[in-house]
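User: Please take a close look at the charged side chains in this model, with the loops and paired residues in mind. Then place them against what surrounds them, with cut-offs as you go.

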Amino acid sequence: MGKGGALSEGVLKNIILSYTYVAIWIFLSFTVIIYNKYILDRKMYNWPYPISLTMIHMGFCSSLAYILVSILKVVEPVQMTRDVYITSVVPIGLLYSLSLWLSNSAYIYLSVSFIQMLKALMPVAVYSIGVLLKKESFKAKTMTNMLSISAGVAVAAYGEAQFNAWGVTLQLGAVAFEATRLVLIQILLSSKGITFNPITSLYYVSPCCLVFLSVPWMIVEYPVLSEASSFHFDYLVFGTNSFCAFALNLAVFLLVGKTSALTMNVAGVVKDWLLIAFSWSVIKDTVTPINLLGYAIAFLGVAYYNHAKLQALKAREAERKLDNEAARLLDESKVDNATKKNESGS
């Protein structure tokens, strides 16, 4: 087969691999969400202890991340001082622990479908907090888009048949903490040239989360669990649940590393619609037409936001290439002038 055929085979292989990574990420993300709902929901497995579940995840992920980084050396650890760790990583660990705690707590009170609709507010929260912390510049066009997303979520909430104010408060709190964490990663880590992949992120951040979560756990859940003499740790359920949570982080590592963060955003939209369909058809959660209308409005807003980000990224990339080309031509010009001078001198 000629070069054209070989090229076609290579392109086809890359396309198949990309879709495989997307499918694995969607499956694992879908599985973790449904599995957490199953464990925490009082009508299902009936183990409503979100802090305990999150601590099990963090303990499991910390252990496996330590094995991969320190023993097997699958990835290199990030070089940083103790001061950088305390001032940059620890605050991010605190925000991550709060986000996970509240988001897992919301599964006790809200349907999976409605939680996915509320999560559509993430771009709004990230942009708003970015503006407040002067990481993003205020743009009326972008804020109008954010308001359209918010309006869509408000319509979805209005049409929610099983609306629970406390559950909504928990999920919105989780969104706020997660958005703050994402912005602070840019401020505290990226600005210092420190980057984490999902494995090193678990290696450094999970132990922080475990420590922070132990405080509310001792106050809120430990007294209840210690009195529940009938409880026996189910190694199969919690082991497989924790493994799925860790595998999801590996899938993120593969998906972003082999494709792009934008691909993960698009895959996330597909996953959300699949979860809504699953929640309605299998779990038998009530999804109303107003729910769907509101989420469709929010979805269009998020899609436009991602499109605008992609266009801005392409523009910056094109500008960078022009700058590099101009610098190259300038260097060539200097070399030519120097050569001519040497020739004339001789």
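Analyst: Exposed means over 50% relative accessible area, buried under 20%, and partly exposed in between (1.4 Å probe, protein chains only). The model is predicted: local features need pLDDT of at least 70, side-chain atom pairs need 80 or more, and totals for chains, interfaces and linings use all residues. Numbering starts at 1 along each chain as its sequence is written, and side-chain values use heavy atoms, without hydrogens or water.

Start with the two loop lysines. Lys-134 sits in the loop between helix H5 (122–132) and helix H6 (140–158). Helices here are DSSP runs of H or I, at least four residues long, numbered from the N terminus. Lys-134 is exposed because its relative accessible area is 75%. Its phi is near 60°, a positive value in a residue other than glycine. Most residues other than glycine have a negative phi. Lys-284 also has a positive phi, near 70°. The loop that holds Lys-284 runs between helix H10 (261–281) and helix H11 (289–345). With 63% relative accessible area, Lys-284 counts as exposed.

Now the paired charges. How many salt bridges does a search of the whole structure find? The search finds three. Each is a side-chain nitrogen of Lys or Arg within 4 Å of a carboxyl oxygen of Asp or Glu.

Lys-37 pairs with Asp-41, and their closest N and O atoms are 2.7 Å apart. Both Lys-37 and Asp-41 are buried.

Glu-178 and Arg-181 form another salt bridge, with 2.7 Å between the closest N and O atoms. Both belong to helix H7 (residues 165–189). They are three residues apart there, about one turn of the helix. Arg-181 is buried because its relative accessibility is 12%. Glu-178 is buried too, at 15%.

Lys-271 and Asp-272 make a salt bridge as well; here the closest N and O atoms are 3.7 Å apart. Lys-271 is buried, and Asp-272 is buried too.

Next, the cysteines. The structure holds zero disulfides, where a disulfide is a pair of cysteine sulfur atoms within 2.5 Å. Cys-209 is in no disulfide, and the nearest cysteine sulfur, on Cys-208, is 6.8 Å away. Cys-209 is buried, with a relative accessibility of 0%. Cys-244 is buried as well, at 14% relative accessible area.

Tyr-66, Ile-67, Ile-71, Leu-72 and Val-74 make a nonpolar surface patch of about 490 Å². Areas come from the Shrake-Rupley method with a 1.4 Å probe, and for residues only the protein chains shown count as cover. Patch residues have over 30% relative accessible area and no salt bridge; nonpolar side chains (Val, Leu, Ile, Met, Phe, Trp, Tyr) join within 5 Å, like charges within 9 Å. Ile-71, one of the patch residues, lies in helix H2 (residues 50–71). At 53% relative accessibility, Ile-71 is exposed.

Asn-249 is part of helix H9 (residues 235–258). A polar atom of its side chain lies 3.0 Å from the backbone oxygen of Ala-245. Leaving aside residues up to four places away in sequence, Asn-249 touches Pro-198 and Leu-202, with contact meaning heavy atoms within 4.5 Å.

Lys-134 is exposed, and Lys-284 is exposed. By contrast, Lys-37 and Asp-41 are buried, as are Lys-271 and Asp-272.

Notes. Polar contact = N/O pair within 3.5 Å; in protein donor to acceptor, adjacent residues only side chain to side chain.
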